[in-house]
Amino acid sequence: MQYIKLRDLTVSAIGLGCMGMSHIYTGHKQPDKDSIRTIHRALELGVTHFDSAEIYGPYKNEVLLGKALKGRRGQVVLTSKFGMISHAGNARPLDSSAANIRAAVEGSLARLDTDYIDLYYQHRVDKSVPIEDVIGTLKELITEGKIRHIGLSEAGPDTIGRANAVHPITALQSEYSLWTRDGDDGILELLKELGIGFVPYSPLGRGLLTGKIRSLDQLDKDDWRLSNPRFMNGALEKNLLVLKEVEAVAEAAGATLSQVALAWLLSKSDDWSPIPGTIRISHLEEDLLAVDVKLSSEQIMALDKVTQPVGDHHTAAQMKLFDRENSLTDKCRD
């Protein structure tokens with residue numbers, strides 16, 4: 001394993017996104033003991049970056065991680081997220097009020113069986129609460145020793161800049177992959193300017209970029225991907241054809257599709273830590289070998305230009321929760 005810094009927080013170059021072990025994907029109902037074996041194998045292979053959130057389950061994923069990491073807390077960087085569950089029972093989908101943040105962190109600490117969370121993210125930007133107030137509350141939690149670093153997820157440039165002015169933001173977590181390039185709107189440049197690390201989630205396109213999903217029949221009936229535009233209405237079949245461009249690079253590089261997709265991300269910056277998710281040890285081992293894949297400049301250029309998939313990466317309703325109304329690209333157009 002190799003290691004990088006998200007601002008001043010050292011993590012493994014590839015982390016483990018743990019959501020799928022407890023939430024919305026095929027296989028999330030597997031026995032905890034099997035998921036714990038996968039987490040322990042990740043530790044053996046040098047992974048230190050483990051990602052969760054209170055909404056995963058909800059709550060089940062944090063409990064799982066707490067069990068898996070008991071007695072190993074000092075070996076890992078533990079992350080979680082707040083704001084998509086209202087502990088006050090508010091009807092609105094997002095709640096980043098001070099009272100809710102404090103209720104959320106206490107619950108997460110208990111479930112994770114820890115005294116502190118290394119990196120605590122606002123899961124989605126709550127536009128009803130000024131980001132300065134949100135970061136102010138998180139600063140208090142740092143002073144109290146309950147969290148150590150502050151992160152944002154799917155935040156736009158205005159929010160990132162205002163948040164970082166109150167307290168240094170350690171990392172932005174957003175979806176980014178060969179097939180999802182939202183950060184190219186100027187956000188990635190802003191992160192570099194401000195010294196903020198980047199954590200790409202769904203770096204394997206929710207399994208599409210692995211080449212292992214060939215039919216919707218492979219997915220359980222309650223798998224969230226069945227409602228995702230890239231899997232619906234014939235999109236999967238079309239995207240498998242588009243995938244052949246990545247397959248050609250993988251064959252030339254002597255690597256698997258997953259490894260090439262992750263190696264491409266690692267080639268972009270020395271302060272990115274993608275967090276692919278899996279429930280299987282074999283897939284974990286395959287993914288982590290991406291740190292040894294060396295892509296040529298020609299291969300990187302070919303991957304930069306791959307045809308983008310059919311369908312957006314979220315539904316229109318889900319995209320409304322993304323803080324993208326004031327992207328740098330839009331500002332330039334104005």
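On a 1 Å grid over the protein atoms alone, a pocket is an open set of points with protein on both sides within 12 Å along at least five of seven lines, whereas a cavity is a set of points where a 1.4 Å probe fits but cannot get out; lining residues have an atom within 4 Å of a point. Grid points are joined across faces, edges and corners, and a volume is the space filled by probe spheres set on the points.

The model is predicted: local features need pLDDT of at least 70, side-chain atom pairs count only at pLDDT 80 or more, and totals for chains, interfaces and linings use all residues. Residues are numbered from 1 along each chain as its sequence is written, and side-chain values use heavy atoms, with hydrogens and water left out.

## Overall form

The protein has 13 helices and 9 strands. Helices (H or I, at least four residues) and strands (E, at least two) are DSSP runs, numbered from the N terminus. For 334 residues, a compact globule would have a radius of gyration near 20 Å, and the 19 Å of the protein agrees with this. That radius is taken over C-alpha atoms, and the globule rule is 2.2 Å times the number of residues to the power 0.38. Along the principal axes, the C-alpha atoms fill a box of roughly 55 × 50 × 35 Å. Of the 334 residues, 57% are buried. Buried means under 20% relative accessible area, exposed over 50%, and partly exposed in between (1.4 Å probe, protein chains only).

An open sheet is formed by 7 strands in the order 3-4-5-6-7-8-9, with parallel pairing. Its edge strands, strand 3 (16-17) and strand 9 (197-201), each pair on one side only. Two strands pair if DSSP finds at least two bridges between them.

Strand 4 (residues 49-51) and strand 5 run parallel and are joined by 3 bridges. Phe50 has Leu78 in strand 5 as its bridge partner.

On its other pairing, strand 5 (residues 77-82) meets strand 6 (residues 117-122) in the parallel sense over 4 bridges. Ser80 has Tyr120 as its bridge partner in strand 6, and Thr79 stands opposite Leu119.

How many residues of strand 5 are buried? The count is 6 of the 6, so strand 5 is largely enclosed by the rest of the structure. In a regular strand the side chains alternate between the two faces of the sheet. In strand 5, Val77, Thr79 and Lys81 lie on one side and Leu78, Ser80 and Phe82 on the other, all of them buried.

## Cys18

Cys18 is placed in the loop between strand 3 and helix 1 (32-44). Its relative accessible area is 0%, which makes Cys18 buried. Ser35 is 17 residues from Cys18 in sequence, and their C-alpha atoms are 9.0 Å apart in space.

## Pocket and cavities

The largest pocket has a volume of about 1200 Å³. Its lining holds 48 residues, and Met19, Gly20, Tyr25, Ser202 and Arg206 are the ones nearest its centre. Helix 10 (281-288) and helix 12 (316-319) each supply at least two lining residues, and helix 10 gives the largest share, 3 residues.

A search of the whole structure finds 2 cavities of 30 Å³ or more. Glu175, Gly205, Arg206, Leu208, Asn228, Arg230, Phe231 and His313 line the largest cavity. The second largest cavity is lined by Leu188, Leu191, Lys192, Ile196, Phe198, Asp271 and Trp272; helix 6 (residues 187-194) provides the largest share of that lining, 3 residues.

The table sets out volumes and lining classes. Ala, Val, Leu, Ile, Met, Phe, Trp, Tyr, Cys and Pro count as nonpolar, Asp, Glu, Lys and Arg as charged, and the others, Gly among them, as polar.

| Space | Volume | Lining residues by class |
|---|---|---|
| Largest pocket | about 1200 Å³ | 20 nonpolar, 19 polar, 9 charged residues |
| Largest cavity | about 40 Å³ | 2 nonpolar, 3 polar, 3 charged residues |
| Second largest cavity | about 30 Å³ | 5 nonpolar, no polar, 2 charged residues |
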